[in-house]
Amino acid sequence: MEGSSIYTFEKRSWADRLVAFLEVLGLAGILSSVVAALPFSLHAGNPAILLKEARLIAAFVVLEASITLLLMLLILRLHRENLADLGWNWDNWVFDLLLGFSLVPILFLVNLLVAFGIKVLLPNYYTDRNPLIESIQSPGDLAVFIVTALFAGGVKEELQRAFVLVRFRDYLGGAKLGLIIWSVAFGAAHYVQGVQGAVAAGLFGLLFGAVYLARGSVVAPMVAHGAYDSIALLAYWFLRGASG
């Protein structure tokens with residue numbers, strides 16, 4: 001996917017590269033998060049309440065994801081591109097579906113290894129708590145979180161990653177460089193879940209991006225991401241109920 005675009009990349013002007021950089025920056029989530037936070041400004045006196053109310057968290061995440069996707073579609077339209085140019089390709093959906101599900105056990109293994117590594121090497125940063133997940137207090141909250149995870153994680157974050165990697169591939173130094181930079185940024189964006197959550201998310205992003213670049217399709221990463229998040233939420237809920 002990257003090798004075929006080397007000549008194209010070399011022909012890009014600095015103006016094209018600057019526009020691509022600004023587009024990546026615009027879709028990084030900062031702008032959309034600020035806009036999405038505006039309706040919740042009534043809680044500005046006590047921001048911590050957002051981490052305690054599952055449906056407020058879900059509403060914010062869905063709103064931010066919607067804004068990001070709308071902005072992405074606008075940018076694509078301005079360039080006369082579409083989602084197919086990002087790998088929204090369902091021609092081999094059966095294979096991609098199976099590949100996506102086959103990645104889920106690997107994701108859980110990575111998460112366990114990261115938790116173990118942090119506990120051994122950086123015990124001060126180890127935690128078995130996740131403030132976002134702990135906000136789930138009812139089956140309704142759980143259902144809302146699963147739908148939110150499928151939309152914001154499985155769909156938005158993978159299309160977002162594909163957009164960034166395509167821009168890096170064509171304008172900003174190559175898809176591999178983009179994969180490294182975006183994986184670090186992706187992990188940092190999950191710092192609210194703690195150091196180990198950020199590290200695990202960064203590694204997940206690296207894996208999702210590598211699969212995307214290898215396949216040229218967002219389907220497998222979307223399936224893997226959505227399935228992992230959903231199973232993790234269900235596991236938390238039922239294991240918490242069993243322990244209680």
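**Briefing on the predicted model**

The buried residues of helix α2 are R17, A20, E23 and V24. Seen down the axis of α2, these buried residues fall within an arc of 120°, so they line one face of the helix. The model described here is a predicted one. The points below treat this helix, the nonpolar core, the salt bridges and selected surface features.

**Helix α2**

- Helix α2 covers residues 14-26, which makes 13 residues.
- At 1.5 Å a residue, α2 should span 18 Å, and the distance of 18 Å between its end C-alpha atoms agrees with that expectation.
- One of the buried residues of α2, E23, also belongs to a network in which salt bridges that share partners join E23, E81 and R167.

**Nonpolar core**

- The largest nonpolar core has 17 residues, and those that touch the most other members are M72, L86, F163, Y212, L213 and V218.
- At least two residues of this core come from each of α4, α6 (139-171), α7 (175-189) and α8 (195-215).
- Helix α6 gives the most to the core, with five residues.

**Salt bridges**

- The count of salt bridges in the model comes to seven.
- K156 forms a salt bridge with E64, and their closest N and O atoms are 3.1 Å apart.
- This pair links distant parts of the chain, with K156 in helix α6 and E64 in helix α4, 92 residues apart.
- K156 is buried because its relative accessible area of 7% lies under 20%.
- E64 is likewise buried, with a relative accessible area of 8%.
- E81 forms a salt bridge with R167, and here the closest N and O atoms are 2.8 Å apart.
- E81 lies in the loop between α4 and α5, whereas R167 lies in helix α6, so that the pair links distant parts of the chain, 86 residues apart.
- R167 is buried, with a relative accessible area of 1%, whereas E81 counts as partly exposed at 24% relative accessibility.
- The side chains of D96 and R215 also meet in a salt bridge, at 2.8 Å from N to O.
- Because D96 lies in helix α5 and R215 in helix α8, this pair ties together parts that are 119 residues apart in sequence.
- D96 counts as buried at 2% relative accessibility, while R215 is partly exposed, with a relative accessible area of 31%.

**Nonpolar surface patch**

- W88, W90, W93, V94 and L98 make a nonpolar surface patch of about 530 Å².
- One of these residues, W90, lies in the loop between α4 (54-78) and α5 (93-121).
- W90 counts as partly exposed, because its relative accessibility of 40% falls between the limits of 20% for buried and 50% for exposed.

**Position of A189**

- A189 lies in helix α7.
- With a relative accessible area of 60%, A189 is exposed, because the value is over 50%.
- A189 and I30 are 159 residues apart in sequence, and their C-alpha atoms are 9.9 Å apart in space.

Note on methods:
Residues numbered from 1 in each chain as written. Predicted model: local features only at pLDDT ≥ 70, side-chain atom pairs only at ≥ 80, totals over all residues. Heavy atoms only, no water. Patch = residues over 30% accessible without salt bridge, like charges linked within 9 Å, V, L, I, M, F, W, Y side chains within 5 Å. Areas by Shrake-Rupley, 256 points an atom, 1.4 Å probe, with all protein chains shown as cover. Salt bridge = Lys/Arg side-chain N within 4 Å of Asp/Glu carboxyl O. Helix = DSSP H or I, 4+ residues; strand = E, 2+ residues; numbered from the N terminus. Buried < 20%, exposed > 50% of the residue type's maximum accessible area, 1.4 Å probe, protein only. Expected span 1.5 Å × (residues − 1). Arc of directions from axis to C-beta. Core = buried A, V, L, I, M, F, W, Y, C linked by side-chain atoms within 4.5 Å.
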